[in-house]
Each structure stands twice: as structure tokens, then as C-alpha cells.
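I opened this notebook to record what I looked up in one structure. The entries follow the order in which I read it.

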Amino acid sequence: MEIERKFLVKTTPDNLTSYPCRFLEQGYLSTEPVVRVRQDNDKYELTYKSKGLMVREEYNLPLTKESYEHLKAKADGRIITKKRYMIPYDKYTIELDVFEGELAPLILAEVEFSSEEEANAFIPPEWFGEDVTYS
């Protein structure tokens, strides 16, 4: 089960490059339901996400690089590339995605929670912008 909220970002933290960062590349085989292939640094996976926006089922299956490349070629639309910074915030980790290519200069922040109540009670930092969880 995945419970997360998503936000646009007004400004990034001044010390952004001091946080751990991963390179992500991903393509979507389907958007309803969501079926995605992703490269996360040197890890590859196939992800299925059920219907829903803030709360939904999520399953991740490992792939080899070869199977990732094979499935990526079948993706609908563009291949998304981004850098993901992992930023500690209170008891949470903000996953800050800085998109590259056609989606630049989009910057999104995601925060995962253990319950809907916790997600709804979350007060984001001031540098977050609009909540786009339900968009």
C-alpha cells in the first residue's frame, strides 16, 4: 500500500546538492492501471499501481537491465528522466524530483506516510508549493 502526497515546489533548498541523489529514468506501459518500468541508478524494476491518488496498491518487481531496455522500448509517450534528492524532514523523507528534458523545469516533492490520517495531518515546509496529490 502506498500513501503519499505530492506537491509542486516553489524554491529548492539552498543546500540541495548536499543531499543523497539518484538518477531515475522511467516509461509508462499503461496509465490505467499504471504500469511503469524504471531505472533507479543501477536498479531496474516494473511497477504496478492500482487506481487511486493518495492511497493505492503498489507492487514492484525487479528486472534485469536487458528486460528493462526491452520493455522501455514499448513505453507509451516520452521517457522521463529526473534527479531524485532524498531530504530528511521531521520523521519523513522528502523525495524531491528535479525533472530533465521536456519536463524541465518541473520540480515535484513526494512524501510517503503510514496512514491516511497521518498524510492528511502533514504540514509541509514553506518551500513547498501547491498540493497536487489529487491533480
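How many nonpolar, polar and charged residues are in the lining of the largest pocket? I found 10 nonpolar, five polar and 18 charged residues there. In this count Ala, Val, Leu, Ile, Met, Phe, Trp, Tyr, Cys and Pro are nonpolar, Asp, Glu, Lys and Arg are charged, and the others, Gly among them, are polar.

**Entry: basis of the notes**

I note that the model is predicted, that local features need pLDDT of at least 70 and side-chain atom pairs pLDDT 80 or more, while totals for chains, interfaces and linings use all residues. Residues are numbered from 1 along each chain as its sequence is written, and side-chain values use heavy atoms, with hydrogens and water left out.

**Entry: the largest pocket**

I looked up the volume of the largest pocket, which is about 700 Å³. A pocket here is an open set of points on a 1 Å grid over the protein atoms alone, where a 1.4 Å probe fits, with protein on both sides within 12 Å along at least five of seven lines. The volume is the space filled by probe spheres set on the points, and grid points are joined across faces, edges and corners.

The lining of the largest pocket comprises 33 residues, a lining residue being one with an atom within 4 Å of a point. Lys6, Tyr28, Lys49, Arg56 and Glu110 lie nearest the centre of the pocket. Among the elements that give two or more residues to this lining are strands S1 (2-9), S2 (21-31), S7 (76-89), S8 (92-99) and S9 (107-112). Helices (H or I, at least four residues) and strands (E, at least two) are DSSP runs, numbered from the N terminus.

I then followed the pairing of the strands, where two strands pair if DSSP finds at least two bridges between them. S2 and S7 run antiparallel and are joined by seven bridges; Tyr28 has Asp76 in S7 as its bridge partner. S7 and S8 also run antiparallel, with eight bridges. Leu96 in S8 is the bridge partner of Tyr85, and Tyr92 in S8 is that of Tyr89. From S8 to S9 I found five bridges, again antiparallel, with Glu95 opposite Glu110 in S9.

S8 is mostly covered, with six of its eight residues buried. Buried means under 20% relative accessible area, exposed over 50% and partly exposed in between, with a 1.4 Å probe and protein chains only.

**Entry: turns and cis bonds**

The hairpin of S7 and S8 has two residues between the strands, and Asp90 takes a positive phi near 50° there. Asp90 is exposed, at 69% relative accessible area. Asn41, in the loop between S3 and S4, also has a positive phi, near 55°. Asn41 is partly exposed, at 35%.

I recorded two cis peptide bonds. One runs from Glu32 to Pro33, with omega near 0°, and Pro33 lies in the loop between S2 and S3. Another runs from Ala104 to Pro105, with omega near 10°; Pro105 is in the loop between S8 and S9.

**Entry: aromatic pairs**

How many aromatic pairs does a search of the whole structure find? The search finds nine. Rings of Phe, Tyr and Trp (its six-membered ring) pair if their centres lie within 6.5 Å; planes under 30 degrees apart are stacked, over 60 edge-to-face and the rest tilted.

Tyr44 and Tyr68 form a tilted pair, 5.2 Å centre to centre and 40° between the planes. Tyr44 is in strand S4 and Tyr68 in helix H1 (residues 65-72), 24 residues apart. Tyr44 is buried at 12% relative accessible area, and Tyr68 is buried at 0%.

Tyr92 and Phe113 form an edge-to-face pair, 5.2 Å centre to centre and 65° between the planes. Tyr92 lies in S8 and Phe113 in the loop between S9 and helix H2 (116-121), so the pair ties together parts 21 residues apart in sequence. Both Tyr92 and Phe113 are buried.

Is Asp40 buried or exposed? Asp40, found in strand S3, counts as buried at 9% relative accessibility. I noted a polar contact of 2.8 Å between the side chains of Asp40 and Arg22. A polar contact is a pair of N or O atoms within 3.5 Å; within protein, one must be able to donate a hydrogen and the other to accept it, and residues adjacent in sequence count only if both atoms are side-chain atoms.
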